[in-house]
Amino acid sequence: MNDARQSALLAILRRAPVVPVLTIDDPHTAVPLAQALVAGGLPALEITLRTDAALDAMEQIAQHVPDAIVGAGTVLTPSQVGEATSAGAQFLVSPGCTTKLAEAAARGSTPLLPGASTASEAMTLAEMGYHLMKFFPAEPAGGAAFLKALGAPLPQIQFCPTGGIDAEKAKTYLALPNVICVGGSWIAPASAVKAGDWSAITALSRAAAALRA
């Protein structure tokens with residue numbers, strides 16, 4: 001990861017304290033969902049590549065919600081790097097990182113937020129030039145206490161913890177100096193998306209955006 005891409009990713013992650021992690025089954029909900037989240041103050045959106053609708057959803061948001069910063073989550077393979085970028089992704093997120101994935105990201109122009117859940121994984125990624133990482137799965141892997149402990153020996157690394165985090169837990173993570181933002185799905189509950197209750201999602205987004213106001 002070169003410095004320019006790290007800087008671009010840092011600017012994206014600094015936009016808000018929370019990055020919504022979205023699993024979209026129906027691409028028709030993508031645009032109003034993104035609009036609701038952006039209206040609440042959360043512009044960086046991670047669309048997970050866990051459904052057949054994901055790439056279509058990214059394209060729709062990229063085309064119709066200009067204030068949204070589209071990201072692709074659960075990027076696992078080199079081919080997904082290109083597919084997500086072609087769909088409009090401005091950043092990529094992976095739960096971990098492999099050599100082939102890192103090489104594919106290095107060949108492209110879209111910054112990657114690779115995942116780490118141990119000190120050794122974080123050190124390996126740092127050797128590859130990554131200083132911004134996803135900490136996943138955050139709660140099962142040791143939570144805020146684990147990240148706090150990593151801060152002393154690895155002060156050059158900043159994390160976006162994701163996995164099992166809700167509004168209350170987010171406050172604890174965001175108080176850590178090595179946490180730049182958190183990722184979570186609580187801002188867009190499936191019930192609200194299914195009901196088209198976009199005002200409820202905007203309200204949850206506003207509350208999340210204010211977590212580090």
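**Salt bridges and a helix pair in the predicted model**

Lys-169 is partly exposed, with a relative accessible area of 33%; buried means under 20% relative accessible area, exposed over 50%, and partly exposed in between (1.4 Å probe, protein chains only). The model is predicted, so local features need pLDDT of at least 70 and side-chain atom pairs count only at pLDDT 80 or more, whereas totals for chains, interfaces and linings use all residues. Residues are numbered from 1 along each chain as its sequence is written, and side-chain values use heavy atoms, with hydrogens and water left out.

A salt bridge is taken as a side-chain nitrogen of Lys or Arg within 4 Å of a carboxyl oxygen of Asp or Glu. Three salt bridges are counted by this rule. In one of them, Lys-169 pairs with Asp-166, and the closest N and O atoms are 3.8 Å apart. Asp-166 is also classed as partly exposed, at 31% relative accessibility.

Lys-171 and Glu-168 form a salt bridge with an N to O distance of 3.3 Å. These residues lie three apart in helix α8 (residues 167-174), and are therefore separated by about one helical turn. Helices (H or I, at least four residues) and strands (E, at least two) are DSSP runs, numbered from the N terminus. Lys-171 is partly exposed at 44% relative accessibility, while Glu-168, at 54%, counts as exposed.

A salt bridge also joins the side chains of Lys-134 and Glu-46, at 3.7 Å from N to O. This pair links distant parts of the chain, with Lys-134 in strand β7 (residues 132-135) and Glu-46 in strand β2 (residues 44-48), 88 residues apart. Both Lys-134 and Glu-46 are buried.

Helix α2 (residues 30-39) packs against helix α3 (residues 54-64) at an angle of about 55°, and the axes are 9 Å apart. The helices are therefore oblique to each other. Angles under 35 degrees count as roughly parallel, over 145 as roughly antiparallel, 65 to 115 as roughly perpendicular and the rest as oblique. Axes are lines fitted to C-alpha atoms, for helices over the stretch in contact, and angles run from 0 to 180 degrees between N-to-C directions.

The contact (heavy atoms within 4.5 Å) involves Ala-30, Val-31, Ala-34 and Gln-35 of α2 together with Ala-57, Gln-60, Ile-61 and His-64 of α3. By class, five of these residues are nonpolar, three are polar and none is charged. Ala, Val, Leu, Ile, Met, Phe, Trp, Tyr, Cys and Pro count as nonpolar, Asp, Glu, Lys and Arg as charged, and the others, Gly among them, as polar.
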